[in-house]
Amino acid sequence: MRNFDFTPLYRSAIGFDRMASLLDAMTSGEQKQPAYPPYDIELTGEDSYRISMAVAGFEQSELDIHVEQNRLVVSGKKPEETAQRNFLHRGIAARNFERRFQLADHVKVTDAKLENGLLHIELMREIPEAMKPRKIEIGDSSLLQHAESEKNPAQ
């Protein structure tokens, strides 16, 4: 995989520091991110998403989900086993993990459920009214001139 250098963006783009940092973090984070645990990202509606992670062997108390600065962090920590166990085959991965997801602006975590070994995290994009597209009506210039002449009858 190629490495991209975004330092020229820092020099020439004023006010876009966050965007350049985001691009930089995305490209460097993908290479360092482990493949465990596997996950799916699903579009469940026009503005709703679900992340499903396979966390077999983890209890609800061993999982932690938190959001900080548009970054969702899901981690699982297993307590250290005190009893010595002798496995003939160990295929169930029960190791600690931390998985990070970069969230777009206005995406909020609304719910999380653990069922049948899958952790489901529900996300919703809530765009503020001020940022939604709105239609601007085009007025008739003759009506505008008529209204102004009524305000100033001396002209």
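A contact here means heavy atoms within 4.5 Å. The structure is a predicted model, in which local features need pLDDT of at least 70 and side-chain atom pairs count only at pLDDT 80 or more, while totals for chains, interfaces and linings use all residues. Residues are numbered from 1 along each chain as its sequence is written, and side-chain values use heavy atoms, with hydrogens and water left out.

Leaving aside residues up to four places away in sequence, phenylalanine 58 touches Tyr36, Leu63, Gly76, Lys77, Lys78, Ala94, Arg95, Phe97 and Leu114. Phenylalanine 58 belongs to the loop between β2 (48-54) and β3 (63-68); strands (E, at least two residues) and helices (H or I, at least four) are DSSP runs, numbered from the N terminus. Its relative accessible area is 7%, so phenylalanine 58 is buried. The term buried stands for under 20% relative accessible area, exposed for over 50%, and partly exposed for values in between, with a 1.4 Å probe and protein chains only. Between phenylalanine 58 and lysine 78 the C-alpha to C-alpha distance is 7.3 Å, at a separation of 20 residues in sequence.

A nonpolar core is a set of buried Ala, Val, Leu, Ile, Met, Phe, Trp, Tyr and Cys residues joined through side-chain atoms within 4.5 Å. The largest such core has 15 residues, and Met53, Val74 and Phe97 have the most contacts inside it. At least two residues of this core come from each of β2, β4, β5 (97-102) and β7 (118-125). β7 provides the largest share, three residues. Not counting residues up to four places away in sequence, phenylalanine 97 touches Tyr36, Pro37, Met53, Val55, Phe58, Leu63, Val74, Ser75 and Gly76.

Serine 75 sits in strand β4 (residues 71-76). Serine 75 counts as buried because its relative accessibility is 6%. Beyond residues up to four places away in sequence, the contacts of serine 75 are Glu62, Leu63, Asp64, Phe97 and Glu98.

The charged side chains come next. A salt bridge is a side-chain nitrogen of Lys or Arg within 4 Å of a carboxyl oxygen of Asp or Glu, and the whole structure has five of them. In one of these, lysine 78 meets glutamate 62 at 3.2 Å, N to O. Lysine 78 lies in the loop between β4 and β5 and glutamate 62 in the loop between β2 and β3, so this pair ties together parts 16 residues apart in sequence. Lysine 78 is partly exposed at 24% relative accessibility, whereas glutamate 62 is buried at 13%.

Glu42, Arg50 and Glu122 are linked in a network of salt bridges. Glutamate 42 and arginine 50 meet through their side chains at 3.4 Å, N to O. The closest N and O atoms of arginine 50 and glutamate 122 are 2.6 Å apart. Because arginine 50 lies in strand β2 and glutamate 122 in strand β7, the latter pair ties together parts that are 72 residues apart in sequence.
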